[in-house]
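Please keep the model open while reading.

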Amino acid sequence: MELNSQFKILANKIDELKNQIETEESTKHAFVLPFINILGYDSFNPTEVVPEFTADLGLKKGEKVDYAIFLQGNPVMIIECKNWKENLEPHKSQLSRYFHVTRTRFAILTNGIEYWFYTDLEEANKMDKKPFLEFNISKLKESSIVNITKFHKSNFDIDKIVDNASSLKYLKEINTIITEELQQPSINFVKLFANKVYTGKRITEKVIEEFTDLVHKAFNQTINEIINDRLNAALNKEADKQQEPEKNTEEKNKIITTEEELEGYRIVVAILRRKIEVNRIAYRDTQSYFGILLDDNNRKPLCRLHLDGSKKYISLFDEKKNSTRYQIKSIDDIYNFEKQILKTIGNYEITTSETL
């Protein structure tokens, strides 16, 4: 079962049980341990998921973090859990102490519903003040699932996660600023546009007041137009699909999309999202290969996965759409072709701009 479905099942379980959960210990067993299991770690294996992991600091003894995740004998993540009713904010300092002592690269603070992921981007072995990834498991977005997937045991790569964490941190902060400016434009933000379009001699307080309203309206109008354009494009695409000849039922029944293919797709998405939005990446499964496309367009193949046989392959495309097949031992080897996959996006973007 793919991660998306597993998280939905867990979210439904949390909604059903939370009013019956009274203690922190119950929260851990009912909500947090299932989350750890979804990420591929065996909570029944004390060498992999270590409960009450010692985190003594100096003369302060008896400090323990709720869980430590071990890989190859080393702690790679610590998880501090609170009752599902608790606010996480007051507990950041406690987690920061544990992070410093245990010398892991990742720390998670959770109440079983909200999850805050931390690392040490600003200063080595010192937990950042702000999490680089936050999500509510009952309101999971596709972008969050893509980032959570990186912490799955089968995908776990410290260097890749840290690189991605840096991007996520700044992206989150930029998104916050954009949201605030859209809701209530600041004077500096308004001046940025007024200076470019106002034809008067001087930008007065009255001009700023007028342009504050105009900037707010202009952004709302632009966003609405973008949404409408995308909806119309989606409707047109669906209409085109309906006009295509339907595959016969027998052929459809022969196509089975496997969990391994979906995991491969998520890895490709994790690579490509650095350059393009996730909703531009689509897949189509066929009898002979699992195709990953740009904008769900058959004329824009990004790569193809061949995972059904005894040997596994990935097909990559050059600027002329000629494909080359490479053998891989497992889907994790897809990461080895990161540069080629990203270059494929560049080829299509160049082609698009040249034709405009």
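## The largest pocket

Six elements each supply at least two residues of the lining of the largest pocket: strand 5 (114-118), strand 6 (133-136), helix 4 (142-149), helix 5 (158-183), helix 7 (205-243) and strand 7 (281-285). Helices (H or I, at least four residues) and strands (E, at least two) are DSSP runs, numbered from the N terminus. The model is predicted, so local features need pLDDT of at least 70 and side-chain atom pairs count only at pLDDT 80 or more, while totals for chains, interfaces and linings use all residues. Residues are numbered from 1 along each chain as its sequence is written, and side-chain values use heavy atoms, with hydrogens and water left out.

The volume of the largest pocket is about 1,500 Å³. Its lining counts 41 residues. Lys141, Ser143, Leu171, Asn175 and Arg273 lie nearest the centre.

Pockets and cavities are found on a 1 Å grid over the protein atoms alone. A cavity is a set of points where a 1.4 Å probe fits but cannot get out; a pocket is an open set with protein on both sides within 12 Å along at least five of seven lines. Lining residues have an atom within 4 Å of a point. Grid points are joined across faces, edges and corners, and a volume is the space filled by probe spheres set on the points.

## The chain overall

The protein chain has 10 helices and 11 strands. Its C-alpha trace spans about 70 × 65 × 40 Å along the principal axes. Of its 356 residues, 41% count as buried. Buried means under 20% relative accessible area, exposed over 50%, and partly exposed in between (1.4 Å probe, protein chains only).

Among contacts with a separation of 6 or more, 51% come from residues 24 or more positions apart. Contact means heavy atoms within 4.5 Å.

Two strands pair if DSSP finds at least two bridges between them.

Strand 7 and strand 8 (residues 290-294) run antiparallel and are joined by five bridges. Tyr283 has Ile292 of strand 8 as its bridge partner.

## Strand 3 and its partners

Strand 3 (residues 74-81) is mostly covered, with six of its eight residues buried. It pairs with strand 2 (residues 64-71) in the antiparallel sense over five bridges. The two form a hairpin with two residues between them. Gln72 in that turn has a positive phi of about 50°.

Strand 3 also pairs with strand 4 (residues 106-110), in the parallel sense and over five bridges. Ile78 takes part in both pairings: Ala68 stands opposite Ile78, and Ala107 of strand 4 is a bridge partner of Ile78.

## The cavity

A search of the whole structure finds one cavity of 30 Å³ or more. The largest cavity has a volume of about 80 Å³. Helix 5 and helix 9 each give two or more residues to the lining. Lining residues include Lys150, Asp157, Lys160, Ile161, Ala270, Ile271 and Tyr335. The lining divides into five charged, four nonpolar and one polar.

Ala282 lies in strand 7. Ala282 is buried, at 15% relative accessible area. Beyond residues up to four places away in sequence, Ala282 touches Tyr265, Gly291, Ile292, Leu293 and Asp296.

Asn347 lies in helix 10 (residues 338-355). Asn347 is buried too, with a relative accessible area of 14%. Leaving aside neighbours within four places in sequence, Asn347 is in contact with Phe317, Asp318 and Glu319.

Definitions and conventions
Ala, Val, Leu, Ile, Met, Phe, Trp, Tyr, Cys and Pro count as nonpolar, Asp, Glu, Lys and Arg as charged, and the others, Gly among them, as polar.
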